[in-house]
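Hi everyone, thanks for coming along. Let me put today's protein on the screen, and then I'll walk you through a few parts of it.

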Amino acid sequence: MNDSSTPSVFSLHDADPQPGLILDADGAVLEGNRASRNLCKTANLPSRSGLLPVNVLALVKSALEQDRAIENVEARIPGTILMWTFVPDVRSGRVLARARDATDEVLTQEEATRSNRLYRLITENTTDLISRHAPDGRFIDATPASWRLLGYWPEELRGKPLEEVFRGNHVAQKLAETRNLLRDDGYATMTLEIIHRDGSRRWFEIASRAIRETYTGAVIEVISVSRDITARVESEENNRRLADELAHTARLATLGELASSIAHEMNQPLATIVNFASASQRYLKSARTNPECLDRVDDGLQKIVHHANRASEVIKRLRAFLRKGQKRTAPLALNDVVNNVARLCQWEAEKNNVQIRERLACCAPVITADPVLLEQVLINLIRNGIEATIEARDEETRSAPAQIIITTCINDQNETLIEVTDEGPGLDEQGIRQMFQPFYTSKPQGLGLGLSMSRSIIEGFGGFLDARPAKTGGLSLICRFPASQNQKHKTATTENQPDD
């Protein structure tokens, strides 16, 4: 290598806006222009060598030994990222180092690299299918989740129409509706039942967004995210089936408890029918000699018809209550439902010296519910009230009649209320909180499902079942139903006690 005293071909100009330095063979700074000095001051560096890459000595030696320029070597100083180029002059043993400010360029590139890495991480590992589509629905690209969700690799999907991949009932119709929404609103969601490539049935929830051309607004591409919700749909269906089974079981349990008392009470009208029939036969035999006996026969036959109809009505209501089937909601005249339930429970109440009194709203409120399930709830509440009332009695008060009061009304919030109030021992706040928990019961042979199921049924109608201490010292159970546009703001009530 020539002596360093040999004149260099390099020269620096202070007018050059880019930092420039002349270095010797050991990487020491021999000279610098004004831009390099200003940059040192801005970065608060003690010397101009602080502007250079940390491996400047190796870079200088390589440039001189190989007689070639080395470009785009990064050096970071406070607030600035520099890209250096090292140009050698082998004859003089010196190197021209010239830098450019690449701060924005490098930071943008780093951000793009991070975004790309994150995008790849998401697309390659997400369990949802992310896909791109042409306006007609053909696949442009898809993430690897397509194999698990659809049975196709991304390479197989490219160019395939949606109708070929998403096979199933009503798929074509829903895809057409989605395309219209994307065209009009730019966003659409749909739920599809499709047939997987392996033949299994799957449920998908698909959200799509349209990408539009800037000037014309035409849809040029669609981005979709598809999620397999098969497990959720099957779980919801199982829950619905379980709820129906539980509701049916609760009806059976309620009827099982009522059966013994109702069967006993059915003997009364049947025994009465037999007695009046026997008496009528005797009066008929005497009618030839005593015509007045015919009036007694006519009276006896009327009573037979009355008590036979009463027994038939009980059996008919029991069969309707027991019948298993899907929940059927319809507008119900609430006062009529309460009347029916009160009659069904009348025999058990009378046997225990309890009167069922009705205070019904004059405005005849109407709610939407399943009549059989609503009757089940009210029967359960009345029976609980009867049992609580019996529990609160002692020997002195047992002979006096007690009351179960059923009230219907519409409150100031336009809610429809059914309230069943007993004269039992009542409950404290903790007892009221616990009484609706499944399997919580104070009865020795109870299951603790009646009130829990009753609350679930009322909530299924959009209402709520709650309890509060009654003024009588017992408990009031209140079914609340949300306001309806058909209801009127009237709260007047009439008091009625069903006929025997």
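So, to start: what do the buried residues of helix 7 pack against? Before I answer, a word on what we are looking at. This is a predicted model, so to speak of local features we need pLDDT of at least 70, side-chain atom pairs count only at pLDDT 80 or more, and totals for chains, interfaces and linings use all residues. Residues are numbered from 1 along each chain as its sequence is written, and side-chain values use heavy atoms, with hydrogens and water left out.

Back to the question. The buried residues of helix 7 pack against helix 6 (162-165), strand 8 (187-195), strand 9 (201-212) and strand 10 (219-228). Helices here are DSSP runs of H or I with at least four residues, strands are runs of E with at least two, and both are numbered from the N terminus. By contact I mean heavy atoms within 4.5 Å.

Which residues of helix 7 are the buried ones? They are V171, L175, T178 and L182. These four cover an arc of only 60 degrees around the axis, which puts them on the same side of helix 7. The arc is taken from the directions that run from the helix axis to the C-beta atoms. As for the word buried, it stands for under 20% relative accessible area, with exposed being over 50% and partly exposed in between, using a 1.4 Å probe and protein chains only.

Helix 7 itself covers residues 171-184, which is 14 residues, and spans 20 Å from its first C-alpha to its last, close to the 20 Å expected at 1.5 Å a residue. That expected span is 1.5 Å times one less than the number of residues. Just after helix 7 comes G186, with a positive phi of about 85 degrees.

Now for the sheet under that helix. Its five strands make an open sheet in the order 7-6-10-9-8, and the pairing is antiparallel. Two strands count as paired if DSSP finds at least two bridges between them. Strand 7 (139-142) and strand 8 stand at the edges with a single partner strand each, so one side of each has no neighbour in the sheet. On average, neighbouring strands of this sheet are turned by 25 degrees against each other, direction ignored. Helix 7 packs on the sheet, touching strand 8, strand 9 and strand 10, and its direction makes about 165 degrees with that of strand 8. For such angles, axes are lines fitted to C-alpha atoms, for helices over the stretch in contact, and the values run from 0 to 180 degrees between N-to-C directions.

Within this sheet, strand 6 (residues 129-133) runs antiparallel to strand 10, and five bridges join them. S131 has S224 of strand 10 opposite. I130, also in strand 6, counts as partly exposed at 25% relative accessibility. Leaving out residues up to four places away in sequence, I130 touches D141, A142, T143, S224 and V225.

Strand 1 (residues 20-23) pairs with strand 5 (residues 94-101) over four bridges, and L21 stands opposite A97.

Strand 3 and strand 4 form a hairpin with two residues between them, and G79 in the turn has a positive phi of about 85 degrees. Six bridges join the two strands, and R76 has I81 as its bridge partner in strand 4. T103, in helix 3 (residues 103-125), touches G79, T80 and I81, not counting residues up to four places away in sequence. At 14% relative accessibility, T103 counts as buried.
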